[in-house]
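Colleague: I would like to learn how to read this model feature by feature. Please give me the general idea each time, then the case at hand.

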Amino acid sequence: MALNRENFLLHKLHSLTGIIPIGFYMLQHLTLNSFALAGPDKFNAVIAFFEGVPKHILLALELGVILIPILFHGIYGLFITQRAEVNVYQRKYRFTENWMYFFQRATGVALFFLIILHVSTTTVAAKYLGRGVEHIQYAGMQRMLTDNGYLGLILYAIGVLLASYHLCYGLWNFCIRWGITVSEASQVALRKFSFAAFLVVTALGWAALAGFLIHKPDAAAEPIQASAPAAVAQSAL
Ligand code: HEM
Ligand code: HEM
């Protein structure tokens with residue numbers, strides 16, 4: 001199907017937002033969450049750091065760098081998905097490529113709902129539905145993951161796996177789309193890199209989740225109050 005100029009630009013923007021800022025946001029987000037491995041105090045210091053950022057700056061960052069790009073990428077992604085031919089059963093591409101193409105879209109659709117669920121039960125619940133910052137501190141997150149027979153943990157583990165696949169296979173696609181990898185050899189090399197990145201990012205996310213299981217809840221009973229960003233950043237290191 002021929003794309004008009006507007007669709008072409010939107011498609012490019014969709015592709016770009018997958019890496020910048022969303023991909024980068026996700027990597028820093030999983031890295032900061034992995035502070036849970038170091039214990040409740042370190043994780044709570046990260047949360048307190050963001051609580052210490054002036055409200056209007058934090059809101060501008062949340063909207064401009066995270067929420068609007070994710071909403072645009074997600075909604076336009078759903079639009080692309082419903083238009084795309086599900087070519088799993090076609091012979092045009094190799095078997096594995098068909099499935100990778102299919103999974104890219106399937107993970108996108110699943111992530112759309114998982115991210116809405118995730119943000120509404122963390123940031124939105126804590127800041128706008130009156131649950132308070134304790135809800136997203138170590139003990140609160142630990143309860144969210146372990147209550148109801150570890151249902152939260154299972155959902156988070158699956159969510160991390162899907163997001164990691166979507167990002168890393170997306171990176172491979174992105175580099176081809178933007179002409180970064182042109183030769184067959186460079187595409188094969190990037191494919192290996194993307195697979196390695198998928199393993200590393202998944203491990204990072206799962207390690208962060210493990211961090212919420214290895215420390216006793218009691219140790220997290222005393223939440224750290226928000227304080228000056230510099231002081232808190234120092235205590236987080
Ligand atoms: C190990 C798995 C994860 C954990 C433990 C986790 C934890 C959290 C926490 C505690 C918050 C609230 C932070 C705050 O408001 O200060 C949050 C917000 C958020 N998370 Fe995650 N998250 C995980 C994975 C992901 C993934 C894979 C994504 C996908 C990109 C994601 C996207 C978001 C977004 C968009 C927000 C809202 C940010 C904002 O508005 O400030 N998270 N997460
Ligand atoms: C919110 C739900 C999401 C939906 C519905 C979605 C949907 C899609 C779709 C359909 C594509 C394929 C575009 C194409 O081949 O033309 C895509 C690509 C991509 N997505 Fe997502 N996505 C979502 C979330 C995310 C997240 C959280 C990230 C980053 C962690 C991300 C990163 C990427 C990347 C890097 C690409 C590759 C761009 C390219 O093909 O050039 N997406 N997304």
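**Reading the model**

Modeller: Start with the shell around ligand 2: its residues divide into 14 nonpolar, 12 polar and two charged. Here Ala, Val, Leu, Ile, Met, Phe, Trp, Tyr, Cys and Pro count as nonpolar, Asp, Glu, Lys and Arg as charged, and the others, Gly among them, as polar. This is a predicted model, where local features need pLDDT of at least 70, side-chain atom pairs count only at pLDDT 80 or more, and totals for chains, interfaces and linings use all residues. Residues are numbered from 1 along each chain as its sequence is written, while chains are lettered from A and ligands numbered from 1 in the order in which they are written.

Colleague: How many residues surround ligand 2, and which are the closest?

Modeller: A residue is near a molecule if its C-beta atom, placed from the backbone, lies within 6 Å of it. For ligand 2 there are 28 such residues. Gly18, Gly74, Gly77, Gly108 and Gly170 are the closest. Helices α1 (5-33), α3 (55-83), α4 (95-121) and α6 each supply at least two residues of this shell. α6 gives the most, with eight residues.

Colleague: What are the closest residues around ligand 1?

Modeller: Met26, Thr122, Thr123, Ala163 and Ala208, out of 24 that surround ligand 1. Two or more residues each come from α1, α2 (40-52), α3, α4, α6 and α7 (184-214). The largest share, five residues, is from α6. This shell divides into 16 nonpolar, seven polar and one charged.

Colleague: How many helices and strands does the protein chain have?

Modeller: Helices (H or I, at least four residues) and strands (E, at least two) are DSSP runs, numbered from the N terminus. The protein chain has eight helices and zero strands.

Colleague: What does α6 span between its end C-alpha atoms?

Modeller: The expected span of a helix is 1.5 Å times one less than its number of residues. For 40 residues, a straight helix would span 58 Å. Helix α6 (residues 138-177) spans only 40 Å.

Colleague: Where does α6 bend?

Modeller: The bend at a residue is the angle between axes fitted to the seven residues ending there and the seven starting there. α6 bends by about 130° at Gly149.

Colleague: And how should I read backbone angles?

Modeller: Most residues other than glycine have a negative phi, and most peptide bonds are trans. Asn148, in helix α6, has a positive phi of about 55°. Tyr150, also placed in α6, has a positive phi of about 65°. Gly179, which follows α6, has a positive phi near 70°. The peptide bond from Ile20 to Pro21 is cis, with omega near 10°. Pro21 lies in helix α1.

Colleague: Why does Asn148 count as exposed?

Modeller: A residue is buried if 20 or more other C-beta atoms lie within 10 Å of its own, exposed if 12 or fewer, and partly exposed in between; C-beta atoms are placed from the backbone. Asn148 counts as exposed because it has 11 C-beta neighbours inside 10 Å. Tyr150 has 13, so Tyr150 counts as partly exposed. Of the 237 residues of the protein chain, 24% count as buried.

Colleague: Which residues of the largest nonpolar core touch the most other members?

Modeller: A nonpolar core is a set of buried Ala, Val, Leu, Ile, Met, Phe, Trp, Tyr and Cys residues joined through C-beta atoms within 7 Å. The largest has 31 residues, and Ala36, Phe43, Val46, Met141 and Leu145 touch the most other members. α6 gives the most to this core, with 13 residues.
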